[in-house]
Every structure is written in structure tokens, then in C-alpha cells.
Amino acid sequence: MTHAHRYRRLRRGRRGAPAVSSKPLFVALIVPLLLVMVAVGSGLTVGAVSYYRDVTTGVLPPQQAIDARGGGAKIYDRNGTLLYQFLDPNYGYQTTVTLDQISPLIQQATIAAEDASFYSNPGVNVKGLTRAAIENLQPGDKFLQGTGGSSITQQLVKQLYFSPKQRQERSLSRKLKEAVLAVKLTQDYDKNQILTWYLNEVPYGGVLTGIEAASEGYFGIPAKDVNLAQAAFLAGLPQSPTDYDPFQHMERAKQRQSEVLDLMVKHGYIDQTTANFARLYQIKLNPKPQPFLAQHFVLYVADYIRRTLGEDALMRGGLSVLTTLDLNLNTQANLLLENNLRKYEQSSGGHNGAVVVINPPTGQILAMVGSRDYNRADIDGTVNAALALRSPGSTLKPFTYVTAFEQGWGPEWPIVDTPITYTSPGSPPFSPRNPDGRTRGVIPLRVALGNSFNIPAFKTILWAGVQNVINTAKSMGITTLDGRGLGPALTLGGSDVKLLDMVFGYATFANGGVQAGVRETQSLPAGNRQLEPNPILVVRNRAGDILMNNTKPQTQQIIKPEYAWLITNVLSNDVNRQITYGVGSSLNIPGYQVAAKTGTSEPFPNSKAIGDTWTYGYTPDVAVGVWVGNSDYKPMINILSTTIAGATWHSVMVAALNAAPERRPFVQPPGIVTATVCVPSGIVKPPNSTCPSVTGLFAADALAKQANNDAWWGGQQLPGAVPITARLSGIPAGITGWKLYLAQEYLRTLGTSRQPTPPPQARRGPAPIVPVAPVPQLQHQVAPVPQTDDRGRTPPRQQRRGR
């Protein structure tokens, strides 16, 4: 038969298998049965038909058996790009392909090498099986030591229906079951389907399962693109993947390749000249590396799967995991971080950084860069800095101010920016300072927050209550504030946080106070968030069944829209931050209204060296956070929060906004009113009242809590403090501790005649008050000064935690 005729015959077989006659089927079933009976001294009366029925009853269809085989989870980005495949040690790497994605040369070489009569036999190669039976049934040392004689269908059966241990057994019972099931498959399925299953499921050596993984694992190309020499090389491996492992035994593998080429000549697929030329082709191993992209995110996803579906599902469940990650954006973020680090690395001593991008309406993680380079040991590159505990500097201040908004403050609320010395039992006195070392008297909250002044923030948390601020931050997503004995220095960076948590919290501001994500999978103490950022869209098993669907976010209103909008209103106005950052800094994105906040930590005693720098910012559609520092906590110098972190944040924000499907502005929600309120009580100014007051934007909800109730002030009693009896006239009796001190300061600064009385703990240190001329209606005039930074003296860790 000519090669052309043989090839046409192969192609006819691929379109549809010829009908299998009853005679070969009968022979295929009876011959192996007969051989067994003779060997054990029995007869045909055992009942071949009954045995056939017993073996085939209850056997899973091949595709179900394949789906149940498992395999390591495959992790994809949101657009379907493979990020990583976890390795199932019992199954290896595999990429399933259809028959038209496999070169005909591979199909021909495989059939010639393994089962020349594949398209005509009934599932077993009768001639080969009879020969194998005769060889294996010889008595003595030769018993069961002959060749296998298995057809392609039998080999498929062995892979699908027998365990790895059973496959190693050389027993008549196993071979008999194998033959019976092969006949059954041939009865029920098209030959092309059987060949497709075989080529996808047979092992090709090492951790490579299936022809696509083998072609890419040895040659770095898809199975559809191999040449004849490569096809014969691959087709020879399944006979004995260990013996022919080309990485260990190349000469054996090439010898086997030559045998396959001879078999292709023998069965008419190629002529001798073509085979000879194929032998001259130099086989070069060029394995395609298994992808490991967005490494920190992949490992984060793996932990999420472990918590939700279990370790076995991750490693052996055959999962297909479509994640929320935008690989293109993640790659850009990594590159932008790297470029900025290189630019300032030598001058600053800052060697590492991390970036997180979240979509606020869904809580989906769009990017997670855990370090500048996962493979760099000198920076602990494998450590995911997006999850590491670091000092946040000033970036917790919005959580302090939003708590004050809930208690009746607004962006124009006056804060007395004058020195204060805080004392607490067991801790040395602490005096916060502003970034530029100056104080400015009475200033509006929007200027205090916009410029990240430390003294006003410190006084605000004393007024709003440390525990109240902690409760706000925990509910908005910060998971590291439990069991630490935290004090008011929390607002200046007095507790370590995670970058991912912080971006999630800022995303809640961006989404109008609505937290969006998936149900929290970690066991957190009471009061913490109930949702977490979403890393996964859909998880399917090998059968295509959906095991997890997070495409629709879960949501929870954490703070009312009015309070979130007031924070955004302050952080998105460039005028509010010009004292510290100047006009037109990198915190602005032309064409967008973007809220932004920076932070810098100085955790080293008696030193102004920098530990961490941060920048966070958001629009309604994108929330971005950047950390820059050193994984080994070595100090940095000559660096501001805007130097590397801010520059990276700006560029990543632009890239994320360009990728966003729409551009949405912030919308003022109902419930924001302009009102004139008395200071410091917060009640709406009664008619004809002469109380010191301020006019500005407020949340009607907060004002309603204080309406006609001058006794409601909120706040907290200092732990263990003796109630203070010395009060200014008009201060309710329930106002005690540091809040009383601040109330007295307000009334002293705004026109009363009595000096504030510090609580007993504070008397050990001076708390000077800068007098300001009394004004019934507050007017805030703050002139800009040359640009500085948001950093102030962050208290040492033991002081920051109020111990």
C-alpha cells in the first residue's frame, strides 16, 4: 500500500471509525478468556458473557473518569491568561487539546508505534495480545515476563480505570479486565474520540501528561507545530517514559525514535528516504518554562482556595480558576514600581515596594505586586509585602476624621493646632509634632487632614475616642487592630497594618461607604470586617461544573454615604493640601477628581530616618495603594512619601484609570447640609445665640444626634482616670479625661477666661496652649508655605501603642 493510500485511510478513520464486525469482537473477547481458562485448567463454562457484564457494569464513562482524575489547579487572570498550574505529583502538568490541535504526524507515529490496527481492531490488538499471552503464560521464570501487547484503547483504559499501583501489577486478572473494558469503549465511542483521550491522558515522562504538555515540555512548541522527527520522538516515549526520559537517557530516546520511524515506514505512513532524513534532524530539548506570573497574587489565591475548597481541591481537584487579576495592569504596576525604585534607590536606601489595585464597586483585586522582584533574595522578594505588617504613618488619619464626622464634625470644623503633651500610665510623655515643626492655631479640619498635620489628628482621636476610631477602622477592613492596647498615637501610625487591608478600607470610602467583596474567610475577632477583597471570579472543576462564582459582589454599608463623601471632599481638593505638598503635586490626576493620602513612618528612636512611605488614592472606580521601604526594616533617608511611593501611585493610577471601562465622578449624596453649629458642643446654633460657631458642610444625620441636646458630646473616659470635677461653665458633667482638656482648650481659645485643666496623667508634662483671639464666627486664613512632607515624629512603637 502506498503512503498516499495509507494516509487517506488514516484520514477516513479520523472522520469516523469503520463498523466493528461481530467476528473480531467475539474473537477479541473469547481469545483472552480462553487463554486464561486453559492456564488454570478450566473450561468455557465459566461464562464469558457473564464476566463481560460484571466487569463493565457501573464503570464511569471515559470523560467522567477523566474529570475525576484531578490535577493541580490552573490559575488564570481575568482575561484567560495562564498564570500558574499547581503540580499534582500523581498526574503532572497537562493541557487538554482537541484532535485538530495535534499534528497528523503525531497521530500517525503514535498509531504506528503503539497499535497499527487501531482504526480496524475492536479495542484489542488480537494478534499482539495473543503473542503476549503466549509469552507471558510460559511456565517457570518466564511466567508473566513477556511483552505487553496492549492496544491504544487498552492503554487508555489502564490510565483511566486503574490506580498507579494497579498499573504496575502484571496479573492476568488486570489484563483481562483491561481487555474487556477496551472492547466496551470501542463499542460505545468513535475511534477519533478514543485517540484524542489517549493522546491527552497518556504520560510522556517526568511531570508531563498528554501530548501538548510533552511537546511544550520538550520542544517548547504546541503539538500542532512539530516536524516528523519530533513527532516520532514524542510518539516513542509512552512505551516506557522512565527509560526513554530524554533529560536522563537521550540516546535511548533517540533509538526509540528510530524504531518509530521504521514502524511508520513499515505501515506506509512515510517512505524510507523520508525516515532517513528525519533521523538526521538534531533533536534539541528546549522546554517551555511553566508560567509563574504575578507570583504573590497566585500564592494569595492558593491560600484563598485552601480556606474555601481545601488543599486537596487545590492540588488534585483539576480546578480551573479564573481570577480577578488584570495581568497587563499588574505587569505595568510592577514595571512602574521598579523604574521609580531604580531612580531613587541609591540616594534613599529604599530597595523594595508593593502595589495593590482594587475595584471599589466589586472589591475585586485588579493588581497585587508583593515586591519589586519575586526572585530577588536580597530584598526578601518572595515575601508578599502587600500582606506584611508595616507602620502606616499618617494613612490611618481618614479613619479618625470620619469617626469625628459621625460625631458632628465637618470639613470646616475648627481644630486647635497647638502643642500638646500626652501622658499615659506606663509610657513616657509624648508630644506630637507637625511635618514642618510649626503650629498654626485654629485651622479647619480640611486643612489639617489635607496637609496631614499630626497635632490636629492627635487631638481629634482624643476627642472622637480611640476605641471608636478602632471600631471604624476594623469595620472598614483593617484586620490588625485587636489586642494591642492601642492609644491615641494610632492615628499617627501607632499600629502596624497591611497594604491590602488599607486599600480595601480606602475602596470603601470610594464606594460611598459600601464595602464590596466576598465573605470573609479568615477567623477574625468580633467587630472586624465581614467581607474581604475578592481574588477569584469563577472556579470550575474538570467537568466544567462551577464550584465557586464570585462575579456578583456581596456588599455591606459600613459608614453612611455622607461621611464617606465628606472624607473624599477633603482628600480630593488640592487646595486643602498645598501647605505640605505645594500646588499641582503628583497627588493630582489631570482630568479626574482623585482623593489621595500619603504617609511616612519614623519608627527609629532619636532619629529622623524613615521606615515606610505610603500613598493611597481612589476614584469611584479604582483604589490604589503603594508601599515603599525595606523588608529588613533598614532605615531610609532623603525620601518623602511622594518620592517613590507617590510617583509610583500616580503612574499606576493613570494606568488603572485608562483600563477602567468608564469614568465616573464622585456624586454628593443626599444628607449633606450647610449649617452653622456651636463649637465645641456641635449643636446647631440656636437663634440669637452668641456661642462660638462655624458654618460649613455637615452630615444631617450627625447633626440630628445633637439637636437641642447640649449635653451630648460623645467621646470616652480615659481608662482608670478619676473623674475631673473642675469644669468650665457649660461643659456637661459627663465630659472627662482628655476630652475635658480639649473642651476647655476650645472654650479658652474661642473666648472664655479659664485655662484648660489637663487630666492627672497629663500634668507631668507641659501642655502649652497658644492663645488665639476670640472670634464668635470662626474664619480660617492659612497661608501656604514651601512644600514639605507629611511626616512628623512618629512615636516609638511602645509609645505609639499607648502602653
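Which residue lies over the face of Phe118? This is a predicted model, where local features need pLDDT of at least 70, side-chain atom pairs count only at pLDDT 80 or more, and totals for chains, interfaces and linings use all residues. Residues are numbered from 1 along each chain as its sequence is written, and side-chain values use heavy atoms, with hydrogens and water left out.

**View A. Charges over rings.** Lys191 is the answer, at 4.5 Å from the ring centre of Phe118. Arg663 puts its charged end over the ring of Tyr592, 4.0 Å from the centre. A charge counts as over a ring if NZ of Lys or CZ of Arg is within 6 Å of the ring centre and within 35 degrees of the ring normal.

**View B. Phe399 meets Phe509.** Their ring centres are 5.4 Å apart with planes at 40°, so this pair is tilted. (Rings of Phe, Tyr and Trp, the last by its six-membered ring, pair if their centres lie within 6.5 Å; planes under 30 degrees apart are stacked, over 60 edge-to-face, the rest tilted.) Phe399 is buried at 0% relative accessibility, and Phe509 is buried at 1%. (Buried means under 20% relative accessible area, exposed over 50%, partly exposed in between, with a 1.4 Å probe and protein chains only.) Both rings belong to a cluster linked by ring pairs, including Trp614 and Phe666.

View C. Val679 and Pro680 are joined by a cis peptide bond, with omega about 15°. Ser452 isn't a glycine, yet has a positive phi of about 55°; Ser452 is buried, at 0% relative accessibility. Tyr633 also has a positive phi, near 65°, but is partly exposed at 44%.
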